[in-house]
Amino acid sequence: MSPHQMPLLLVRHAVAEDAHPLGDEARALTVEGRAAFRTHARKLARLTPMAGIVTSPLVRAVQTAELLAEAFGLARVEVHPALLPRHSAPKRILHLARELGAGWMLVGHNPSLTRAGALALDLDELPGKLRKGSALALYPEGKHFSLAWLAAPGRALVRYNNSQSE
């Protein structure tokens, strides 16, 4: 499958610790969060191949990205500051999504990913909730994107009518 036929995935990090002695940046995935996301990542890998992964540098996002790399058989995870949970993150994430295009997974945090997804779709808000570990599949279409599907750990895949054939 060529990259232009693949979606772009916005992936929220999996369930993480509530706190860490070294601060928010060091919060890691919980044992349960890691196990549930590993299963979810394998399901995502059966839905579509992907070409690469870019992640926020925060520990919980990097660990989520590493599980995705394992499931998709990808050798490398790239860290990018655009995915840090900051005030201007949604616009930076959208810019990065347009720059990378189809075939890439962007792993980050809420509310930044939810807002970036809405901006990508030219909507005020997403039609579904981006729960921890969720993947939002988008297809690039000019300046904006079309919504293909939303997959959350332990929940049924939600497909949308305007998605390209997979």
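**Reading the fold**

Analyst: Buried residues make up 49% of the 166 residues in the protein. The model is a predicted one.

User: What radius of gyration would a compact globule with 166 residues have, and what does the protein have?

Analyst: A compact globule of 166 residues would have a radius of gyration near 15 Å, and the protein has 14 Å, which agrees. Along the principal axes, its C-alpha atoms fill a box of roughly 45 × 35 × 30 Å. Of the contacts with a separation of 6 or more, 61% are between residues 24 or more positions apart. The protein exposes about 8,200 Å², of which carbon and sulfur atoms supply 52%.

User: Which pattern does the protein follow along the sequence?

Analyst: The pattern is β-α-β-α-β-α-β-α-β-β-β, from a secondary structure of four helices and seven strands.

User: In what order do the strands form the sheet?

Analyst: Strands of a sheet pair through backbone hydrogen bonds, either parallel or antiparallel. Here the seven strands form an open sheet with mixed pairing, in the order 3-2-4-1-5-6-7. Its edge strands, each pairing on one side only, are strand 3 (78–79) and strand 7 (158–159).

User: In which sense do strand 2 and strand 3 pair?

Analyst: Strand 2 (residues 52–55) pairs with strand 3 in the parallel sense, over two bridges. Thr-55 stands opposite Val-79 of strand 3.

User: How many bridges join strand 5 to strand 6?

Analyst: Seven bridges join them, and the two strands run antiparallel. Strand 5 and strand 6 form a hairpin with two residues between them, and Gly-142 in the turn has a positive phi of about 65°.

User: How many residues lie between strand 6 and strand 7 in their hairpin?

Analyst: Six residues lie between strand 6 and strand 7, and Gly-154 in that turn has a positive phi of about 75°. These two strands pair in the antiparallel sense over two bridges, with Leu-150 opposite Val-158 in strand 7.

User: Why is strand 6 described as largely enclosed by the rest of the structure?

Analyst: Seven of the eight residues of strand 6 are buried, so the rest of the structure largely encloses this strand.

User: Which strands does helix 1 lie across?

Analyst: Helix 1 (residues 31–47) lies across strand 1 (8–12), strand 5 (135–141), strand 6 (144–151) and strand 7, and runs at about 125° to strand 6. Helix 4 (residues 112–120) also packs on the sheet, where it touches strand 1, strand 4 (104–108), strand 5 and strand 6; its direction makes about 155° with that of strand 1.

User: Which residues of helix 4 are buried?

Analyst: An α-helix has 3.6 residues a turn, so residues three or four places apart point the same way. In helix 4, the buried residues are Ser-112, Leu-113, Ala-116, Gly-117, Ala-118 and Ala-120. Their cover includes strand 1, helix 3 (89–100), strand 4, strand 5 and strand 6.

User: Which residues have the most contacts inside the largest nonpolar core?

Analyst: In soluble globular proteins, nonpolar side chains tend to be buried together. The largest nonpolar core here has 25 residues, and those with the most contacts inside it are Ile-53, Leu-68, Met-105 and Trp-149. Strand 1, helix 1, helix 2 (59–72), strand 4, strand 5 and strand 6 each give two or more residues to this core. Helix 2 provides the largest share, six residues. Another core, of 24 residues, lies apart from it and includes Trp-104, Leu-126, Leu-136 and Leu-147.

User: Where is Pro-111 found?

Analyst: Pro-111 is in the loop between strand 4 and helix 4. A cis peptide bond joins Asn-110 to Pro-111, with omega about 5°.

User: Is Asp-122 buried or exposed?

Analyst: Asp-122 is exposed, because its relative accessible area is 57%, over the 50% cut-off. The residue sits in the loop between helix 4 and strand 5.

User: Which residues is Glu-25 in contact with, leaving aside its neighbours within four places in sequence?

Analyst: Glu-25 is in contact with Leu-58 and Val-59 on that basis. Glu-25 lies in the loop between strand 1 and helix 1 and counts as partly exposed, at 45% relative accessibility. Glu-25 and Ala-61 are 36 residues apart in sequence, with their C-alpha atoms 9.7 Å apart in space.

Notes:
Residues numbered from 1 in each chain as written. Predicted model: local features only at pLDDT ≥ 70, side-chain atom pairs only at ≥ 80, totals over all residues. Heavy atoms only, no water. Pairing = 2+ DSSP bridges. Contact = heavy atoms within 4.5 Å. Axes fitted to C-alpha atoms, helices over the stretch in contact; angles between N-to-C directions. Buried < 20%, exposed > 50% of the residue type's maximum accessible area, 1.4 Å probe, protein only. Core = buried A, V, L, I, M, F, W, Y, C linked by side-chain atoms within 4.5 Å. Rg over C-alpha atoms; globule rule 2.2 N^0.38 Å. Areas by Shrake-Rupley, 256 points an atom, 1.4 Å probe, with all protein chains shown as cover.
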